[in-house]
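Subject: Structure handover

Hello,

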Amino acid sequence: MTRLRRLARRVFKEGRTMNDDMKATNRTAQWQALSRDHHLPPFTDYKLLNAKGARIITRAEGVYLWDSDGHRILDGMAGLWCVNVGYGREELVQAATQQMRELSYYNLFFQTAHPPAIELAQTIADLAPEGMNHVFFTGSGSESNDTVLRMVRHYWATKGQPEKKVIIGRWNGYHGSTVAGVSLGGMKALHEQGDLPIPGIEHIVQPYWYGEGGDMNPDEFGVWAAEQLEKKILEVGEDKVAAFIAEPIQGAGGVIVPPKTYWPKIQEILAKYDILLIADEVICGFGRTGEWFGSQYYGLKPDLMPIAKGLTSGYIPMGGVIVRDRIVKVLNQGGEFYHGFTYSGHPVAAAVALENIRILRDEGIVERVKSETAPYLQKRWQTLADHPLVGETRGVGMVAALELVRDKRTRARFTDRSAGMICREHCFRNGLVMRAVGDTMIISPPLIIKPEQIDELVTLARKCLDQTAADLNG
Ligand SMILES: *Cc1c(COP(=O)(O)O)cnc(C)c1O
């Protein structure tokens, strides 16, 4: 290992790539050993990983990744739902380089600003739903949701209703990995680590018809699931509830597309009790649904929209919260908002976000998703429904899911819920990234994926399903 570290230092000094020097050696094994010795990766079972070794990704272009053994992999997840314009766009490299030369960093605290952050705020306001014209910048989706929690409570306190501070989220929702993010989210396994959620947060059912709809049809279930919000509001007390937070389509929870009756009923209830809507657009934002925001796809009127991921297509970290005018009006009366991050509105990130949005706009990428590639992806994805393992296929825009089941008719699952992991491993082996959420397989490819690459994705997915079925039956 010390030899490798020396090598790394020398390579760094001489400006050569690590890969060149390691070609003759067993690079992958060495990277894996170094990783095990020094790196603690996120969302990982360390014991399992150490027994097996990490998959080392070294390069990417368009919709493809390459690993350290030179295998090409079709990235059906756009990284983590974020690489909307695809990998390797030189314009984004240029935008970052130029901004670093001009103004590499300055903060936005204490009555200061710089052009990239201001221009980006205006550009985002142009794309956002009517009446949402201000942006608070952060470094990630999680920071955006921490911001939302504090901003919403500050809003009600400024309005003279400080007791209105409970935020209602949903079981199996995902809002990030910080203390507030995990608390607002509804993943029980995450709650169990670190004694979460924090006080003042409640959860209701998710609108997951296939998994939890029982004997109801999807429309009945959508109304029932929304009515659970009203029940919770009455239980907590309407004068205590500040906001409801939800993803327009749940991503990490398994691409859960709500029945069409769900969102209209939710909005009706929120209006009735004067409760704010926080639409977490971290995945749905920036074209994923074929609209700029998921809220536009569903006709929602949110008060706050956390954003991140597709904002910069993952080229550099950045997040934000888009805020409705009527909220800003109150915040303007609230004195200093004691909240912000060293890298809020970072000029280099803002320059990259601006260029990313320019690409999405100038190349008509969002429109093409809506009119062409999303309908094609969804049509091809549905062809997998005839597979003996597949209980349901579903999707909107450029996200889709399928449910692996033991019995299609009764929706019965495999008892140990291992089908998803088996399928995921086959995918990697066959050169496809498809994610497993329990036994739900999900995709969220780069928005620039071409029809022939969609064919390749679906063909690979079927091959992996066949191999998974053979394993499960064997
Ligand atoms: C990924 C995600 C987050 C967290 O974003 P990070 O940048 O990982 O902190 C929050 N909300 C949703 C809906 C997400 O998908």
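Below are the findings, starting with the ligand site and moving on to the sheets and some single residues.

Some ground rules come before that. This is a predicted model, in which local features need pLDDT of at least 70, side-chain atom pairs count only at pLDDT 80 or more, and totals for chains, interfaces and linings use all residues. Residues are numbered from 1 along each chain as its sequence is written, and side-chain values use heavy atoms, with hydrogens and water left out.

**Ligand site**

Which residues surround the ligand? They are S140, G141, S142, N145, Y174, H175, G176, E247, D280, V282, I283 and K309. The shell divides into three nonpolar, six polar and three charged residues. For these classes, Ala, Val, Leu, Ile, Met, Phe, Trp, Tyr, Cys and Pro count as nonpolar, Asp, Glu, Lys and Arg as charged, and the others, Gly among them, as polar.

Some polar contacts are worth a look (pairs of N or O atoms within 3.5 Å; within protein, one must be able to donate a hydrogen and the other to accept it, and residues adjacent in sequence count only if both atoms are side-chain atoms).

- K309: an N or O atom of its side chain is 2.7 Å from a ligand oxygen.
- G141: a polar backbone atom is 2.9 Å from an oxygen of the ligand.
- Y174: a polar backbone atom is 3.5 Å from a ligand nitrogen.

On its own, the ligand has 380 Å² of accessible area, and the protein covers 83% of that. Accessible areas come from the Shrake-Rupley method with a 1.4 Å probe; for residues, only the protein chains shown count as cover.

Two terms first. Helices (H or I, at least four residues) and strands (E, at least two) are DSSP runs, numbered from the N terminus. Two strands pair if DSSP finds at least two bridges between them.

This open sheet has four strands in the order β1-β2-β3-β13, with mixed pairing. Its edge strands are β1 and β13 (432-433), and each pairs on one side only.

Go through it pair by pair. β1 (residues 57-61) runs antiparallel to β2, with four bridges. Across that pair, I57 stands opposite D67. The two strands form a hairpin with two residues between them, and G62 in the turn has a positive phi of about 65°.

β2 is also joined to β3 (residues 72-75), again antiparallel, by three bridges. Here L65 has I73 as its bridge partner. This hairpin has four residues between its strands, and G70 in the turn has a positive phi of about 85°.

β3 and β13 pair in the parallel sense over two bridges. L74 is bridged to L432 in β13.

Is β2 buried or exposed on its faces? Both faces of β2 (residues 64-67) are covered: Y64 and W66 on one side, L65 and D67 on the other, are all buried. Buried means under 20% relative accessible area, exposed over 50%, and partly exposed in between (1.4 Å probe, protein chains only). In a regular strand the side chains alternate between the two faces of the sheet.

**Sheet with β11, β12, β15 and β14**

This one is also open, with four strands ordered β11-β12-β15-β14 and antiparallel pairing. β11 (390-396) and β14 (435-437) are the edges, each pairing on one side only. Neighbouring strands are turned by 25° against each other on average, direction ignored. Axes are lines fitted to C-alpha atoms, for helices over the stretch in contact, and angles run from 0 to 180 degrees between N-to-C directions.

β14 and β15 (residues 440-443) share three bridges. V437 has T440 of β15 as its partner.

**Single residues to check**

- T147 sits in helix α8 (residues 141-158). T147 is buried, at 0% relative accessible area. G340 is 193 residues away in sequence, but its C-alpha is 8.0 Å from that of T147.
- L196 and P197 are joined by a cis peptide bond, with omega about 5°. P197 is in the loop between α10 (188-192) and β6 (201-204).
- D274 is not a glycine, yet has a positive phi of about 55°. D274 lies in the loop between α13 (262-273) and β8 (276-279). At 39% relative accessibility, D274 is partly exposed.
- F286 is not a glycine either, and has a positive phi of about 65°. F286 is in the loop between β8 and α14 (294-298). At 1% relative accessibility, F286 is buried.

Best regards

Note on methods: A residue is near a molecule or strand if one of its heavy atoms lies within 4 Å of it.
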